[in-house]
Amino acid sequence: MWAAMVRGGDFQNGLLHTDLDKGDSLVKYTLSGDGAGSIFTIDQTTGDIHALRSLDREEKPYYTLRAQAVDIDTNTPLEPESEFVIKVQDINDNEPKFLEGPYVASVPEMSPVGTYVTQVTATDADDPTYGNSARVVYSILHGQPYFSVDPKTGVIKTALPNMDREVKEEYQVLIQAKDMGGQLGGLAGTTIVNITLSDVNDNPPRFSKSFFHLRVPESSAVGSAIGRIKAHDLDIGRNAEVEYTIVPGDGGTVFDITTNEHNQEGIVILKRPLDYESKKAYTFKVEASNAHMDPRFQSFGAFKDTATVKINVLDVDEPPVFNKPSYVMDVYEDTPAGTIIGAVTAQDLDASSSPVRYSIDWRSDLDSYFDIDPVEGTISTNDLLDRETIAQHNISVVATKLNSPVLTSRVAVTVHVLDINEFPPELASPYETLVCENARLGQVIQTFGAKDKDVPSAGQQFSFRTPKEDMKNKNFTIRDFGNNTAGIVTKRVGFRRRLQEIYFLPVVIEDNGYPPKSSTGTLTIRVCGCQSDGSVLSCSAEAIFLPVGLSTGALIAILLCIVILLGIVVLYVSLRRQKKKETLMSSKEDIRDNVIHYDDEGGGEEDTHAFDMGTLRNPKVVKENLYRRDVKPEMKRSPKPPVSQDSADIRDFIHQRLVEHDLDNSAPPYDSLATYAYEGEGSVAESLSSIESIAVDLEEDYDYLRDWGPRFKTLAGIFGEQSETQSDSTNTENAH
């Protein structure tokens, strides 16, 4: 394989030769491959290779060709085909180029020396591996002394400190790139770099003047803008935003100042109404400062400015002013016409202080329900008001200056028609109150409230108290909580169902309406058995015997058994009473304390079979030693002397009673027997009543009651205590 080196540009010749060529012109040379015939050609006899045109390394750095020696007559190859490369040698024929130029960059103003700005890059098409053709060096042709460029890297930096944007904002720098290492004869290329200084907040706002004078009418509305001032800032954008504040002093409570975001002006705003008669001028200071401070420049000084603002108030003839923005009045329905329900007041605050006259705008009171005193401003009813028709009237009162009728002011007056209290309050619901047998003294056992049919219900107040006639109630009392509720409070302890199961407590409820109404309700309180923690066990005698947790069928079966048992007991008691009745009737002589009950209709005075009336009429047949059968006698009683049967007083009394019965139209329409005998004190038969049957109470042993079960335990205890008391008294008398 052969190789040849040629320089870029004009190619003169190259030579191919074989040892078989003796110079006798019997060998022919052939050429094939890249550019054969178009770029390169070969002399068939000598083997010289020639270039047909100039070569450019940047276009094609090398060519691969094949050559062969053949017989000139037969074209028979004398040697194998050989390959060789023609390499184009580089020369410095390309200058450096900035492919990305021109460049645009920015750097903050006031940056220190050496601050990075941007980097430029130039490209040389020559061979960087051969000589210095592609070695580039950078330099600044225009832009000093503000910026510098690194000769090897092309990095541009600031070269001057404290460059101020407000002095010069834009710079144009010319950068050169030269090959051959910058040596003489090297090729060069240039580019432009446009550098802009970006803004920083290095300037405070400044007022164009130190004193601003404003004038404003006293009639200016609150919240309106009354003037503008401005502080200028040389910075731009966010760094030029200004904040205005009023220094505390004369105008801080009357005026305010805000910033217009578009032009950074300070707008003075009225916070309170102005009154020329009260104060004619205000003077205060306004401070302007940057909203966004840069701490790097605080050492430059205070970044704010101050100016003085004076505001003169201009006098304006104003309408009257009401002392309230609106009025609300209340009046009860059916109030007589001419009743004053309220008043409005307006004044002329100008220096002239003109009198004020009042009137009602007829459009707000078409039916003329109200009237107003033109001088005093008192509003009165002009007709009867009905709440059910109109519950609220909205009228407009006009105040006019007497010496300037065109200056008027209005105020809204709302008149509420109140409902007359027609219904008394009552308990909110039928409360079911329970009190435990073990309730404590002063315990609140029920909280209750009240309701009223009158409207509106909102705002109603109820009071609760115990009636005067029930103030001495020793069981319960009423406690008013003051919030439309009250409670039932116990006044004692020891409630017992067996003594009293239900209590009734009256309560007086009164409302705050006009006129006030009251009523008396009754609270029912039921005594219940409770556990120690206050939980209710039962509230009636029947509930004690009710089983707990049984099914309905079981309850019915138990109730049927109880009914059968009760039937047997009733039948047994009836038989015993019948037997006892027959025993008593068999002894006709001892009838003093026997009361006979029977349902048979009597046969009149002729009926002597049912009872032997002769015993009552003839006291002589009464035996002296006859005693009561229901009480065990222990001492004998001496008989009392009989009363004469022929007493005139008794006879007259009986006759008078007979006449009264004969003339009584209300007497029953059947025969009846009225017997007037000699029973009572002084009678031989003595008294038929068991009351005072004996002069001294007889002792009776009631211990057998304890054997009858727990239901008779309390009864046995009561009679047992009485027996013990009688025994003690008897022993005491015997001792004396």
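Buried means under 20% relative accessible area, exposed means over 50%, and partly exposed lies in between (1.4 Å probe, protein chains only). The model is predicted, so local features need pLDDT of at least 70 and side-chain atom pairs count only at pLDDT 80 or more, while totals for chains, interfaces and linings use all residues. Residues are numbered from 1 along each chain as its sequence is written, and side-chain values use heavy atoms, with hydrogens and water left out.

**View 1. A negative surface patch includes E422.** Its members are D334, D386, E388 and E422. Patch residues have over 30% relative accessible area and no salt bridge; like charges are joined within 9 Å, and nonpolar side chains (Val, Leu, Ile, Met, Phe, Trp, Tyr) within 5 Å. A salt bridge is a side-chain nitrogen of Lys or Arg within 4 Å of a carboxyl oxygen of Asp or Glu. Asp and Glu count as negative. E422 sits in the loop between β31 (404-418) and β32 (426-427). Helices (H or I, at least four residues) and strands (E, at least two) are DSSP runs, numbered from the N terminus. E422 is partly exposed, at 46% relative accessible area.

**View 2. Four strands form an open sheet.** The order is β32-β34-β37-β36, and the pairing is antiparallel. β32 and β36 (476-480) stand at the edges with a single partner strand each, so one side of each has no neighbour in the sheet. Two strands pair if DSSP finds at least two bridges between them. β32 and β34 (residues 444-451) are joined by 2 bridges. L427 has A450 of β34 as its bridge partner.

View 3. Areas come from the Shrake-Rupley method with a 1.4 Å probe.

**View 4. Two prolines follow cis peptide bonds.** Most residues other than glycine have a negative phi, and most peptide bonds are trans. The G101 to P102 bond is cis, with omega about -5°. P102 lies in the loop between β7 (82-89) and β8 (103-108). The Q144 to P145 bond is also cis, with omega near 10°. P145 is in the loop between β10 (137-142) and β11 (147-149).

**View 5. S368 and N484 have positive phi values.** Phi is near 55° for S368. This residue lies in the loop between β27 (356-360) and β28 (370-372). S368 is partly exposed, at 39%. For N484, phi is about 70°. N484 is in the loop between β36 and β37 (485-490). N484 is partly exposed, at 22%.

Note on methods:
Charge placed at Lys NZ, Arg CZ, Asp CG, Glu CD.
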